[in-house]
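Please keep the structure in view while reading.

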Amino acid sequence: MTSPDPAWTDPDCPVARTLDLVGDRWSLLVIRDAMDGARSFTEFQRRTGIARNILTDRLRKLTAHGLLAQRTAPSGRRQEYALTDAGRDLFPVVVTLRQWGERHAFAPDEAHSTLLDRNGALVPELLPTAADGTVLDVDSTQVHKLR
């Protein structure tokens, strides 16, 4: 996206722009399921339970904004969706949301899914770090506004 969209909530803020693209109730769940192997409309609908008309809208929006690409399935009979590089770049966002949810959205003994690496180990907590390796937080960072 090279030119500003007049519909941006806050055109100068990367967080606001990202939320304009994927911040609704369903878009990140579609992205999550694409990361977990969903490819067809039917798979996305089954996994999320999202209404067909809303799913159609979200898939169209995510494709239009370059997060998903539509391609012909290997069978050649239908279309499927695949993550683009921009969609794959949301992986740390989804992991961070998952880890926040594990800490704050479940009771201490409540069962929930877990994310494992290819060796079966839990994925370690993702933390932003400074160039020198120290962990960053809200008290050790600041936003530099361009205007």
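A salt bridge is counted here when a side-chain nitrogen of Lys or Arg lies within 4 Å of a carboxyl oxygen of Asp or Glu. The model is a predicted one, and by this rule the count comes to eight salt bridges.

One of them joins arginine 32 to aspartate 33, where the closest N and O atoms are 2.9 Å apart. Is aspartate 33 buried or exposed? With a relative accessibility of 4%, aspartate 33 counts as buried, because buried means under 20% relative accessible area. Arginine 32, at 33% relative accessibility, counts as partly exposed.

The table lists this pair together with two others.

| Salt bridge | N to O distance |
|---|---|
| Arginine 32 and aspartate 33 | 2.9 Å |
| Arginine 98 and glutamate 102 | 3.5 Å |
| Glutamate 125 and arginine 103 | 3.1 Å |

Arginine 98 and glutamate 102 are both found in helix 6, four residues apart, which is about one turn of the helix. Arginine 98 has a relative accessibility of 27% and counts as partly exposed, and glutamate 102 is partly exposed too, with a relative accessible area of 29%.

Glutamate 125 forms its salt bridge with arginine 103; because glutamate 125 lies in the segment after helix 6 and arginine 103 in helix 6, the pair ties together parts that are 22 residues apart in sequence. Glutamate 125 is partly exposed at 44% relative accessibility, and arginine 103 is partly exposed with a relative accessible area of 45%.

Leaving aside residues up to four places away in sequence, histidine 112 touches Glu102 and Phe106. Histidine 112 and glutamate 102 are 10 residues apart in sequence, while their C-alpha atoms are 7.7 Å apart in space. Histidine 112 is partly exposed, with a relative accessible area of 33%.

The last topic is a pair of helices. The axes of helix 3 (residues 41-48) and helix 4 (residues 52-64) come within 11 Å and cross at roughly 120°, and the two helices are therefore oblique to each other. Their crossing is right-handed. Which residues meet between helix 3 and helix 4? Phe41, Phe44 and Gln45 in helix 3 meet Arg52, Leu55, Thr56 and Leu59 in helix 4. Sorted by class, this contact of helix 3 with helix 4 has four nonpolar, two polar and one charged residues.

How values were computed:
Residues numbered from 1 in each chain as written. Predicted model: local features only at pLDDT ≥ 70, side-chain atom pairs only at ≥ 80, totals over all residues. Heavy atoms only, no water. Axes fitted to C-alpha atoms, helices over the stretch in contact; angles between N-to-C directions. Parallel < 35°, antiparallel > 145°, perpendicular 65-115°, else oblique. Left-handed = near helix turned anticlockwise from the far one by under 90°. Contact = heavy atoms within 4.5 Å. Nonpolar A, V, L, I, M, F, W, Y, C, P; charged D, E, K, R; others polar. Buried < 20%, exposed > 50% of the residue type's maximum accessible area, 1.4 Å probe, protein only.
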